[in-house]
Amino acid sequence: MSTTGSAADPLATLGSLPGVAESVETVRKAVDRVYGHRVMRRRSTAITSEAALRGARGSSALSGADWALEEVRRRSDFGADDEALVVGAALRLTAEAGQLLSIWRQSPLRVLARLHLVAAAGKGGEVGRPRLAGEPVDEPLIELPLPGADEVSGRLEGLSALIVAGGSAPALVTAAVVHGELLALRPFASHNGLVARAAERIVLIGSGLDPKSVCPAEVGHAELGRAAYLAALDGYVSGTPDGMAAWIAHCGRAVELGARESMAVCEALQRGAA
């Protein structure tokens with residue numbers, strides 16, 4: 001997405017695309033159903049913790065480490081192999097995201113750098129900063145053409161300016177654009193998918209749509225599958241109205257499925273089965 005167009009609020013403009021308003025309303029209703037569950041009134045912390053675990057598992061699956069939930073739950077060593085490293089990074093990002101909400105609206109680029117530092121665990125001089133010209137990117141599951149470092153820098157600055165300026169765009173639209181832009185740019189040398197999904201989480205929480213972080217979009221993205229994820233991303237990268245609307249709708253469906261997952265957790269807790 002070009003974030004330097006002539007529209008005063010390009011994110012709000014995306015909200016007027018065909019079908020987007022319907023996606024926004026459907027997501028709002030799905031989230032409200034979770035928050036209205038009686039278990040949320042007395043055990044919201046437990047729902048938040050479970051959503052964080054399931055969200056990390058979903059994000060890991062999209063980055064090539066498709067572990068069973070119970071495996072993620074029981075493991076304590078996440079440095080044994082490549083898949084374990086991915087899962088460990090996803091868990092760290094999920095924990096870190098909630099600590100960065102106050103910084104996001106003032107300095108999104110600082111938050112993104114911090115997310116990458118946390119994901120990559122401080123390994124290498126390329127950690128915690130956007131890649132430089134000529135630096136390779138380890139993101140094998142996304143095969144889109146890689147933008148050059150200058151384009152990455154300009155588009156990140158444009159995205160940051162839109163977030164800092166605020167605006168009237170629905171939270172779903174902003175979250176989808178942040179997510180899609182980071183996947184399209186792959187601004188870091190590694191862990192871009194994990195960082196993009198963590199940033200989407202931050203927008204959804206910080207916007208007030210999901211303040212307790214109980215509707216993990218990562219769960220929905222994983223459930224919809226990698227093929228659908230990449231196909232929707234192609235629509236985002238195309239920049240066409242239909243493509244952008246399809247990506248936003250895909251992200252909306254992911255939030256809905258995350259909400260459904262937490263509704264199931266609420267029901268299980270209510271029955272005393274979890």
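Modeller: A helix here is a DSSP run of H or I with at least four residues, and helices are numbered from the N terminus. The model is predicted. I take helix 13, residues 241-271.

Start with its length. Helix 13 has 31 residues, and at 1.5 Å a residue they should span 45 Å. What follows the helix? Gly 272 does, with a positive phi near 75°.

Now go inside the helix. Ile 248 sits in helix 13. Buried or exposed? Ile 248 has a relative accessible area of 1%, and buried means under 20%, so Ile 248 counts as buried. Leaving aside residues up to four places away in sequence, Ile 248 touches Leu 14, Val 20, Leu 172, Val 173 and Ala 176.

Trp 247 brings in the aromatic residues. Together with Tyr 229 and Tyr 236, Trp 247 forms one aromatic cluster. The count of aromatic pairs in the model is three. One of them is stacked: Trp 67 and Phe 78, at 6.4 Å centre to centre and with 25° between the planes. Trp 67 lies in the loop between helix 3 and helix 4, Phe 78 in the loop between helix 4 and helix 5. This pair links distant parts of the chain, 11 residues apart. Trp 67 and Phe 78 are both buried.

Helix 11 runs over residues 217-224, and its buried residues are Ala 217, Glu 218, Val 219, Gly 220 and His 221. Their cover includes helix 13 and helix 12, along with helix 3, helix 9 and helix 10. Just after helix 11, Gly 225 has a positive phi of about 100°.

Helix 10 is the next stop. Asn 192 belongs to helix 10. With a relative accessible area of 2%, Asn 192 is under the 20% limit and therefore buried. Beyond four places in sequence, its contacts are Val 137, Glu 139, Leu 183, Arg 186 and Pro 187. How far apart are Ile 248 and Asn 192? They are 56 residues apart in sequence and 19 Å apart in space, C-alpha to C-alpha.

Helix 10 gives the most, with three. By type, the lining splits into 10 nonpolar, six polar and two charged residues.

That leaves the largest pocket. Its volume is about 520 Å³. The lining counts 23 residues; nearest the centre lie Asp 82, Val 86, Asp 138, Ser 190 and His 191. Helix 5 gives the most, with six. The lining divides into 12 nonpolar, four polar and seven charged residues.

Key: Residues are numbered from 1 along each chain as its sequence is written. This is a predicted model: local features need pLDDT of at least 70, side-chain atom pairs count only at pLDDT 80 or more; totals for chains, interfaces and linings use all residues. Side-chain values use heavy atoms; hydrogens and water are left out. On a 1 Å grid over the protein atoms alone, a cavity is a set of points where a 1.4 Å probe fits but cannot get out, and a pocket is an open set with protein on both sides within 12 Å along at least five of seven lines; lining residues have an atom within 4 Å of a point. Grid points are joined across faces, edges and corners, and a volume is the space filled by probe spheres set on the points. Helices (H or I, at least four residues) and strands (E, at least two) are DSSP runs, numbered from the N terminus. Ala, Val, Leu, Ile, Met, Phe, Trp, Tyr, Cys and Pro count as nonpolar, Asp, Glu, Lys and Arg as charged, and the others, Gly among them, as polar. Buried means under 20% relative accessible area, exposed over 50%, partly exposed in between (1.4 Å probe, protein chains only). Contact means heavy atoms within 4.5 Å. Rings of Phe, Tyr and Trp (its six-membered ring) pair if their centres lie within 6.5 Å; planes under 30 degrees apart count as stacked, over 60 as edge-to-face and the rest as tilted. The expected span of a helix is 1.5 Å times one less than its number of residues.
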